[in-house]
Amino acid sequence: MKITRFKLGDVVAYGDLRDDGTIERLSGSPFDGEVRLTGTYVAANDVTLLAPVENPRIFGAGFNYVSHIKETGWDTPTVPILFVKPESALAGPNDPIVYPKLGEVIHYEAELVAVIGRIARRVSEADALDYVLGYTCGNDVSDRVIQKEEMRFGCLFAGKAFDTFAPLGPVISTDLMAGNLEIVGRLNGEVKQRGNTSDLLFSVPRLIAHLSSFMTLVPGDVIMTGTPSGVGPIKPGDVFEVEIEGIGTLSNPVVAEQ
């Protein structure tokens, strides 16, 4: 199933996106329990796709691809390096990434994002995937100037936290195995990142087990799992795309803050 969250007129609903371009509506939310199909269809071209999770808690894993660790020159972490993005950082498919007035060096980061579907507390790596609803595409947009200054003092927040710095979408794919997926990041149609989740330092199960060891994960939480090598700058007028096999393509234009 490819779960979408969409708007049709004044109505916001969830649905299952089909290969023929139709969406079968779901009854309620996939985060409320069992997913139920209604038999009612709408055309994907007639709706506006939204971020597939509403008001999520957004967790990120830094330095989690071997290739990206090598390109940054940082030491290899011995535990997951975690940070959070506020709900206000969320953006959906085709929503603009707002380049802040204070921004100097803003980078894209194509990422696989795990979406939690069940309450998880102190789960093992062996059981961790039982708590995943599915996966979506994400872009961990980052202000490198602020990030570099923060990291001098051992923190990582403001550089990741600007409004619209966490685009997610276009769907939550529920039928994927996360261990061997190709990730492509394209800037204005040119491939800038090409990686595979087999290069993850800490796997999705490891990240979930680690997070749930000290906090309760709830349905709708998302975990941005890290980015492969090839990160680089964006500017107003650009369009950045994240494509992951089995999910689709997340596309977002970059606009200057007014």
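Start at Tyr14. Tyr14 is buried, at a relative accessible area of 10%. Buried here means under 20% relative accessible area, exposed means over 50%, and partly exposed is in between, with a 1.4 Å probe and protein chains only. A word on the model before I go on. This is a predicted model: local features need pLDDT of at least 70, side-chain atom pairs count only at pLDDT 80 or more, and totals for chains, interfaces and linings use all residues. Residues are numbered from 1 along each chain as its sequence is written, and side-chain values use heavy atoms, with hydrogens and water left out.

Now the aromatics. Rings of Phe, Tyr and Trp (its six-membered ring) pair if their centres lie within 6.5 Å; planes under 30 degrees apart are stacked, over 60 edge-to-face, and the rest tilted. That rule gives three aromatic pairs. One of them is Tyr14 with Phe31, edge-to-face, 6.2 Å centre to centre and 75° between the planes. Tyr14 sits in strand S2 (residues 11–17), and Phe31 in the loop between strand S3 (22–26) and strand S4 (37–43), so this pair links distant parts of the chain, 17 residues apart. For the labels: helices (H or I, at least four residues) and strands (E, at least two) are DSSP runs, numbered from the N terminus. Phe31 is buried too, at 14% relative accessibility.

Another pair is Tyr108 with Phe240. This one is stacked, 4.3 Å centre to centre with 20° between the planes. Tyr108 is in strand S10 and Phe240 in strand S19 (residues 239–244), 132 residues apart. Both Tyr108 and Phe240 are buried.

There is also a charge over a ring. Arg118 lies over the face of Tyr131, 4.3 Å from the ring centre. The rule: NZ of Lys or CZ of Arg within 6 Å of the ring centre and within 35 degrees of the ring normal.

Which residues have the most contacts inside the largest nonpolar core? They are Leu112, Tyr135, Ile208, Leu217, Ile234, Ile244 and Ile247, in a core of 42 residues. A nonpolar core is a set of buried Ala, Val, Leu, Ile, Met, Phe, Trp, Tyr and Cys residues joined through side-chain atoms within 4.5 Å. A second, separate core has 15 residues, including Ile3, Tyr14, Val53 and Ile58.

Take Ile244. Beyond its neighbours within four places in sequence, its contacts include Glu111, Leu112, Cys137 and Leu181. Contact means heavy atoms within 4.5 Å. Cys137 is buried, at 0% relative accessibility. Cys155 is partly exposed, at 37%.

Next, strand pairing. Two strands pair if DSSP finds at least two bridges between them. S19 and S20 run antiparallel, joined by six bridges. Ile244 stands opposite Gly248 in S20. Their hairpin has three residues between the strands, and Gly246 takes a positive phi near 85° there. S20 also pairs with strand S9 (residues 97–99), in the parallel sense, over three bridges. Ile97 stands opposite Val254 in S20.

Ser251 is in S20, which spans residues 248–256. Ser251 is buried, with a relative accessible area of 17%. Not counting residues up to four places away in sequence, Ser251 touches Pro93, Asn94, Val239, Phe240 and Glu241.

Elsewhere, an open sheet of three strands runs S13-S10-S18, with antiparallel pairing. Strand S13 (142–143) and strand S18 (232–233) are the edges; each has a single partner strand, so one side of each is left without a neighbour in the sheet. S10 (residues 106–108) and S13 are joined by two bridges. His107 has Ser142 as its bridge partner in S13.

Most residues other than glycine have a negative phi, and most peptide bonds are trans. Asn94 has a positive phi of about 70° although it is not a glycine. Asn94 lies in the loop between strand S8 (90–91) and S9, and is exposed at 56% relative accessibility. Thr164 has a positive phi of about 75°. Thr164 is buried, at 14%. And the peptide bond from Gly169 to Pro170 is cis, with omega near 0°. Pro170 lies in strand S14 (residues 166–173).
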